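Colleague: Here's the model I mentioned. Please zoom in on one residue for me, then carry on from there.

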Amino acid sequence: MAAQRTLLKGGTVLSLDPSVGNFKQGDVLIEGSTIAEVGPDLQVAEAELIDASNTIVMPGFIDTHRHMWEGILRNIGADVPLEGDAGYLTVILNVLAPHFRPDDAYVGDLLAAYGCIDAGITTVLDWSHIQATSEHADAVIKALQESGIRAVFAYGNPWWKYPEPDQDDWFRRVATQYFSSKDQLLTLAYAPPGPEFTPFDAAKANWEVAREVGARITVHVGVGTFGQQDKLGEMARAGLLGPDTTYIHCTTLNDDEIQAIVDTGGTFSLASPVEMMMGHGLPPTQRFLDRGVRPSLSVDVETNVPNDMFTQMRSAISMQHVLAFDQRLAGKQDAPEPVSSRAVLEWATVEGARANGLDDKVGTLTPGKEADVIMLRGDRINVMPVNDPVGAVVWGMDTSNVDSVFVAGKAMKRDGQLLNVDLDRLRRLATESRDYVVSASGFTPPQL
Ligand SMILES: [Zn+2]
């Protein structure tokens with residue numbers, strides 16, 4: 001049987017692939033799960049026709065680090081910083097997290113996944129440090145599968161206690177049971193606490209397990225005061241850094257550590273809303289750009305910040321601009337160029353694909369790649385008339401502009417409505433799980 005064909009007709013197409021080009025008016029042909037053709041006025045017989053006029057058609061956004069089990073704790077940490085007795089590391093990871101049952105982690109992940117799809121994020125890396133038991137991993141993987149999103153499941157150990165002796169075997173079991181094929185929506189990574197939060201030997205052992213299994217590594221480094229100890233430097237001098245690793249935050253790393261990441265081909269995950277809000281340190285975007293490395297973007301924690309990439313892009317570009325312009329105002333002759341809107345759009349797509357190890361599959365609208373495509377409405381009151389499509393996406397739009405979302409060719413959102421989800425069930429499960437976890441932990445949420 002021939003694969004189903006869908007033609008997105010007459011949109012403004014941002015392929016973000018220089019060899020394909022962008023089109024003021026163009027079409028995208030989806031065949032089965034892949035992109036078959038991109039160009040102006042495609043002549044296609046026997047395809048479902050979707051009118052894309054007045055929309056911007058582009059690759060889905062890609063998030064490179066989010067703790068999705070925290071989905072039921074959205075905005076609970078509005079005034080919670082990273083460190084200290086009332087900080088995130090204590091309250092969320094040591095008070096609330098231990099009370100998550102597998103079902104609560106499932107609901108948190110499910111909420112976060114549908115929130116991603118609704119916001120036009122088609123790939124997310126789930127940095128999942130909630131594996132109190134082996135069953136927790138089964139539960140969150142079930143949620144990711146059920147949602148239909150493309151995800152990197154990054155297996156992490158719980159942070160409120162020492163790893164169980166069997167933790168490495170749980171990871172190996174998950175790898176064999178769920179990830180023996182790479183030709184699926186879910187792929188595997190390993191999310192160790194890293195050298196700032198475990199002794200050197202434990203960090204080294206974690207790296208070795210990830211590489212034994214063939215999983216990419218994703219790790220927080222340069223995290224507030226924890227990042228000021230040259231711990232990543234120690235790993236670098238031991239020859240442990242490699243191109244299979246994504247480094248999150250990097251805010252308080254020293255220059256040698258950042259250079260070591262660059263020299264070994266590592267990728268960088270910037271979470272600037274979180275870093276600025278919670279006290280991780282100054283987002284190090286310019287320090288990477290100066291060395292020729294562009295960031296990917298990540299939401300990190302919905303306990304504190306919004307779940308969408310519009311916020312991410314505007315936060316990252318505003319931050320970089322203020323630093324660049326401030327240097328000019330101070331008369332600095334070699335002040336950096338303010339980063340462009342087009343570059344930031346690529347950070348939210350192309351660079352995300354690279355950091356998640358999926359750049360051969362997603363990140364651009366390229367024939368042969370998976371059909372992870374979004375349509376953003378340009379005829380809404382917040383952006384019409386569209387004068388600069390890239391500028392409209394980066395500076396003008398929000399999640400209300402996300403009209404349609406396709407993951408591997410499958411429609412996940414159409415006409416502004418999420419598909420394939422029972423929202424009443426989700427609402428009920430979210431409330432029940434939240435009530436249970438908060439009550440069992442004894443934590444008092446902010447009061448009016
Ligand atoms: Zn994080």
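Colleague: What relative accessible area does leucine 323 have, and what class does that put it in?

Modeller: Leucine 323 comes out at 31% relative accessible area, so it is partly exposed (buried is under 20%, exposed over 50%, partly exposed in between, with a 1.4 Å probe and protein chains only). This is a predicted model, so local features need pLDDT of at least 70 and side-chain atom pairs 80 or more, while totals for chains, interfaces and linings use all residues. Residues are numbered from 1 along each chain as its sequence is written, and side-chain values use heavy atoms, without hydrogens or water.

Leucine 323 sits in helix H10, residues 309–329 (helices are DSSP runs of at least four residues, strands of at least two, numbered from the N terminus). Together with Leu282 and Val322, Leu323 makes a nonpolar surface patch of about 260 Å².

Glutamine 43 lies in the loop between strand E3 (34–39) and strand E4 (48–51). Leucine 29 is 14 residues away from glutamine 43 in sequence, and their C-alphas are 9.9 Å apart.

Now the zinc ion. His65, His67 and His220 each give NE2 and Asp300 gives OD, at 2.1 to 2.4 Å (donors are N, O and S atoms within 2.8 Å of the metal, or 3.2 Å for Na, K and Ca). Along the chain, the donors are spaced H-x1-H-x152-H-x79-D. Histidine 65 is buried because its relative accessible area is 0%, and histidine 67, at 2%, counts as buried too.

Note on methods: Patch = residues over 30% accessible without salt bridge, like charges linked within 9 Å, V, L, I, M, F, W, Y side chains within 5 Å. Areas by Shrake-Rupley, 256 points an atom, 1.4 Å probe, with all protein chains shown as cover. Salt bridge = Lys/Arg side-chain N within 4 Å of Asp/Glu carboxyl O.
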